[in-house]
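Subject: A structure for you to look at

Hello,

Here is the structure I promised to pass on. Please open it first, and then read my notes below.

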Amino acid sequence: MICFSSPMAQYLLEDDFIATKGGYMRLIMDFCDVDSDKWVQYAGKTKFPLNALYKNEGLRLLRYE
């Protein structure tokens with residue numbers, strides 16, 4: 001199975017989804033872009049309070065990616 005973006009990965013990793021497929025699957029993650037970097041870039045171009053929100057989202061997503 002191939003996952004093309006980090007927001008979709010959460011759905012593939014759910015127990016119910018994997019259980020319905022009857023066993024183990026190989027999962028390939030192919031991030032065409034890095035969503036966390038986009039949020040950090042938004043933070044650098046906006047003013048408070050949005051810049052703090054965007055930076056936090058970027059860092060949280062980076063840990064997930």
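A salt bridge here means a side-chain nitrogen of Lys or Arg within 4 Å of a carboxyl oxygen of Asp or Glu. Please keep in mind that this is a predicted model.

With that definition, how many salt bridges does a search of the whole structure find? The search turns up 1. Its partners are Asp35 and Lys38, whose closest N and O atoms lie 3.0 Å apart. In general, side chains of opposite charge can pair when their charged atoms come close. Asp35 and Lys38 both sit in helix α3, 3 residues apart, so about one helical turn separates them. Are the two partners buried or exposed? Asp35 is buried, at a relative accessible area of 13%, while Lys38 is partly exposed, at 35%.

Helix α3 covers residues 35–45 and helix α4 covers residues 50–64; they pack at an angle of about 160 degrees, and their axes are 7 Å apart. Because angles over 145 degrees count as roughly antiparallel, α3 is roughly antiparallel to α4. The crossing of the two, α3 and α4, is left-handed.

Which residues make the contact? From α3 they include Asp35, Trp39 and Val40, and from α4 they include Tyr54, Leu61 and Leu62. Sorted by class, the contact between α3 and α4 holds 7 nonpolar, 3 polar and 3 charged residues.

Enjoy exploring!

Best wishes

Definitions and conventions
Residues are numbered from 1 along each chain as its sequence is written. This is a predicted model: local features need pLDDT of at least 70, side-chain atom pairs count only at pLDDT 80 or more; totals for chains, interfaces and linings use all residues. Side-chain values use heavy atoms; hydrogens and water are left out. Axes are lines fitted to C-alpha atoms, for helices over the stretch in contact, and angles run from 0 to 180 degrees between N-to-C directions. Helices (H or I, at least four residues) and strands (E, at least two) are DSSP runs, numbered from the N terminus. Angles under 35 degrees count as roughly parallel, over 145 as roughly antiparallel, 65 to 115 as roughly perpendicular and the rest as oblique. A crossing is left-handed if the near helix is turned anticlockwise from the far one by less than a right angle, and right-handed if clockwise. Contact means heavy atoms within 4.5 Å. Ala, Val, Leu, Ile, Met, Phe, Trp, Tyr, Cys and Pro count as nonpolar, Asp, Glu, Lys and Arg as charged, and the others, Gly among them, as polar. Buried means under 20% relative accessible area, exposed over 50%, partly exposed in between (1.4 Å probe, protein chains only).
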